[in-house]
Amino acid sequence: MPVSSPDAPALPLAGLRVLEFTHMVMGPSCGMILADLGADVVKIEPGPAGDATRRLTGAAIGFFPTFNRNKRSLCIDLKRPEGVALVRRLAEDADVLIENFRPGAMEALGLGPTAMAEVNPRLVYCALKGFLPGPYEHRTALDEVVQMMGGLAYMTGPRGRPLRAGSSVNDIMGGMFGVIAILAALRERESTGRGGLVQSGLFETNMILVAQHMARAAIEATDPEPFGDPGMRKPWPVYDVFDTAGPGEQIFAGVVSMGQWRAFCGAFGLEDLLADPALDSVPRLAAARPEFLPRVADAFRRVTKAEAMARLERLGVPFAPIAKPSDLFDDPHLLASGGLLDVELAASEGRAEGPAAARAGIPALPVHLPGGRPGLRRQPPAAGEHGIELLREAGLSETEIGDILAAGVVTAPPSKAAD
């Protein structure tokens, strides 16, 4: 149900209608951003059970509730011509269509970009794929696939042990780049009157993340050492995780300028290092890290985590406690800044029975608009939850709606079907 105030200011994309054919993360994250910014995003799910992402478990159990807020759900059997015809009818008044199915899937249904342009020439069609057009475009990809082939896994793990980043970074960023492409196409449509196909690629997204390392490899004529290598050459005096006096309590500190270095040494009893002429610049300090870093580590072990954080905050030196995901629900900054949305988790059908939370504070978009932070207007929908209202909005009569439901072309929850 909607949860935002009815008198909340209009969001920037209010009035935009989006049809979303997606699953997993890349497509849903694109739709979520558009929905958070005010677009009416209609998630078209395969009937009768809906998006299979709802039933994922393990590391993927949080996908559906995280990336499907502020959307409406319509379950359609797209294997039947009546279902495809209904989609085409909905597309007549839509502004955007997004999809992230395997290459050729939408075309096989008769819902590819060329077919949909015939239905609605103003439609912006966003295809979110593993690869942009080229030799790899027909491959099926996952975030892990492109991290491995795109150098990110190499840069993350220890030498010889490529390691996936601890989040679906390419999926989420690929969705963001899809939004950027959509907004650019909508701006172009203002002058041309026509939509068209835009694309975002998972592999190409990964390459944006690895570009800085490619540049370094070209400059130094060798592959850089990965971040998981203890011997990685860091360009700053201090850029490390340290143990503090409390058992198991760690902190990251980053000292990245001479001003920070002088303040840091004064606050942690390392003043004698300031008198060493061999340590009078950031590059010299970076080169001498093996000599003085044990002393820095010892200085941190002499104070509690709270005291270390207080000192670093007073100094203006970058720092961070080492947090786990569950710690973030109580983060004072996220709570005070409206950064956590009270999202229902019931849409994740893979949830185990027992002490699992019914709601959780899920992060909002990391932006602040003139009207404030984009919030939560609709909880993640149940499969087909908004089918009846969407059919009515499409102009179908009650008799037509009853026939469609009876034939199984559209599936709606019993409580909604009875409206």
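Residues are numbered from 1 along each chain as its sequence is written. In this predicted model, local features need pLDDT of at least 70 and side-chain atom pairs count only at pLDDT 80 or more, while totals for chains, interfaces and linings use all residues; side-chain values use heavy atoms, with hydrogens and water left out.

**Aromatic pairs**

A pair of aromatic rings is described by the distance of the centres and the angle of the planes. Rings of Phe, Tyr and Trp (its six-membered ring) pair if their centres lie within 6.5 Å; planes under 30 degrees apart count as stacked, over 60 as edge-to-face and the rest as tilted. A search of the whole structure finds 11 such pairs. One of them joins Y136 and F203 edge-to-face, at 6.1 Å centre to centre and 70° between the planes. This pair links distant parts of the chain, 67 residues apart. Y136 is in the loop between β5 (124–129) and α6 (143–149), and F203 is in helix α9 (residues 202–220). Helices (H or I, at least four residues) and strands (E, at least two) are DSSP runs, numbered from the N terminus.

F268 and F300 form a tilted pair, with ring centres 5.1 Å apart and planes at 40°. F268 lies in the loop between α10 (258–267) and α11 (282–287), F300 in helix α12 (residues 289–301), so the pair ties together parts 32 residues apart in sequence.

**Burial**

Buried means under 20% relative accessible area, exposed over 50%, partly exposed in between (1.4 Å probe, protein chains only).

| Residue | Relative accessible area | Class |
|---|---|---|
| Y136 | 34% | partly exposed |
| F203 | 15% | buried |
| F268 | 7% | buried |
| F300 | 0% | buried |

**Charges over rings**

A charge sits over a ring if NZ of Lys or CZ of Arg is within 6 Å of the ring centre and within 35 degrees of the ring normal. R139 lies over the face of Y136, at 4.1 Å from the ring centre. R311 lies over the face of F268, at 5.2 Å from the ring centre.

**Backbone**

Most residues other than glycine have a negative phi, and most peptide bonds are trans. The peptide bond from G47 to P48 is cis, with omega near 5°. P48 lies in the loop between β2 (40–46) and α2 (63–67). M24, not a glycine, has a positive phi of about 65°. M24 sits in the loop between β1 (17–21) and α1 (26–36) and is partly exposed, at 34%. N70, not a glycine, has a positive phi of about 60°. N70 is in the loop between α2 and β3 (71–76) and is buried, at 2%.
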